[in-house]
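Here is a short briefing on one protein chain. Take a look at the sequence and the model first, then read on for fold, core and charge pairs.

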Amino acid sequence: MAGNNSSEIRVAGTGRVLIADINAPLPAAFSDNPATDWGSAWTDLGYTSTDGVTFSKKDKLDPVETWQSISPARFVYADRDLTLKFSMLQFNEDTLPFFLGGKSADFRRDATSGAVQFDVPDGPTFDERALGLEFTDGSAVTYRFVIPRGQVTATDDIKLARKAAALLGVTFTALSPGDGQALATFVMKDAAYAVPASAPTA
């Protein structure tokens, strides 16, 4: 219901970012152990910076101009960009390929020296993933946002300095999963929504 209601203000107190193969199943359960709700298909990317996640939706509308009017007669949807931007703090076999392109299987360990090698691809690679975002506002509210298909489309510079942790900053852009399918999905445990419960499916 419209009106001032402070209980509907949301603060993302803490959260996590996860990745999986494209079209990985959405976590529908909300148990006392959120890590198990996502299932084995999802990999938690670990610590991220205090900036959290920047969620961006940008629609591009092209005007249809006419001879008879100075103002546009209508608009045509030309483009939609849905992106998540965040910075990872951990360096490992999941985060480094996600940032640079490639897979965890591309790592090799030398049996003699124990050194680990990861070869950065010579050019851009198509590395499509599913991406999940979860944040909580206290113990009663949990939001989950899933992009079933997307790819890292931009990366930030990595600054190596003595007084600050190195960051792996990425921008992840949603790709169309196919006709009639959602570009992304919210799944929420939040009593603020006055939505009637649907009948269980057979």
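Of the 202 residues in the chain, 28% are buried. The model is predicted. The chain holds two helices and 10 strands. Its radius of gyration is 21 Å, well over the 17 Å that the globule rule gives for 202 residues, so the chain is more spread out than a compact globule.

**Overall shape and surface**

- The C-alpha trace spans about 75 × 50 × 45 Å along its principal axes.
- The accessible surface of the chain is about 13,600 Å². Carbon and sulfur atoms account for 54% of that surface.
- Take the contacts between residues at least 6 apart in sequence: 63% of them join residues at least 24 apart.

**Order of elements**

**Nonpolar cores**

- The largest nonpolar core has 18 residues. Within this core, L45, F86, M88, F98, L131 and V170 touch the most other members.
- Another core lies apart from the largest one and has seven residues. Among them are L18, A20, W42 and V146.
- Which residues does V170 contact, leaving aside its neighbours within four places in sequence? The partners are L84, K85, F86, M88, F98, F99, V152, A154 and T155.

**Salt bridges: the count and the idea**

- Side chains of opposite charge can pair when their charged atoms come close.
- The chain has 13 salt bridges. Three of these pairs follow.

**E134 and R16**

- E134 forms a salt bridge with R16, and the closest N and O atoms are 3.3 Å apart.
- E134 lies in strand β7 and R16 in strand β1, so the pair ties together parts 118 residues apart in sequence.
- Is E134 buried or exposed? E134 counts as buried, because its relative accessibility is 4% and the cut-off for buried is under 20%.

**R80 and D59**

- In the salt bridge between R80 and D59, the closest N and O atoms are 2.6 Å apart.
- R80 sits in strand β4 and D59 in strand β3 (residues 54-66), so this pair ties together parts 21 residues apart in sequence.
- R80 is partly exposed, with a relative accessible area of 47%.
- D59 also counts as partly exposed, at 27% relative accessibility.

**K85 and D156**

- The side chains of K85 and D156 meet in a salt bridge, at 2.9 Å from N to O.
- This pair links distant parts of the chain. K85 is in strand β4, D156 is in the loop between β8 and β9, and the two are 71 residues apart.
- K85 is partly exposed, with a relative accessible area of 33%.
- D156 counts as partly exposed, at 30% relative accessibility.
- K85 is also one of the residues in contact with V170.

- Which residues do salt bridges with shared partners join into one network? The members are R16, D37, D44, E134 and R144.
- Both R16 and E134 belong to this network, and these two residues form a salt bridge with each other.

Terms used
Residues are numbered from 1 along each chain as its sequence is written. This is a predicted model: local features need pLDDT of at least 70, side-chain atom pairs count only at pLDDT 80 or more; totals for chains, interfaces and linings use all residues. Side-chain values use heavy atoms; hydrogens and water are left out. A nonpolar core is a set of buried Ala, Val, Leu, Ile, Met, Phe, Trp, Tyr and Cys residues joined through side-chain atoms within 4.5 Å. Buried means under 20% relative accessible area, exposed over 50%, partly exposed in between (1.4 Å probe, protein chains only). Contact means heavy atoms within 4.5 Å. A salt bridge is a side-chain nitrogen of Lys or Arg within 4 Å of a carboxyl oxygen of Asp or Glu. Helices (H or I, at least four residues) and strands (E, at least two) are DSSP runs, numbered from the N terminus. The radius of gyration is taken over C-alpha atoms; the globule rule is 2.2 Å times the number of residues to the power 0.38. Accessible areas come from the Shrake-Rupley method with a 1.4 Å probe; for residues, only the protein chains shown count as cover.
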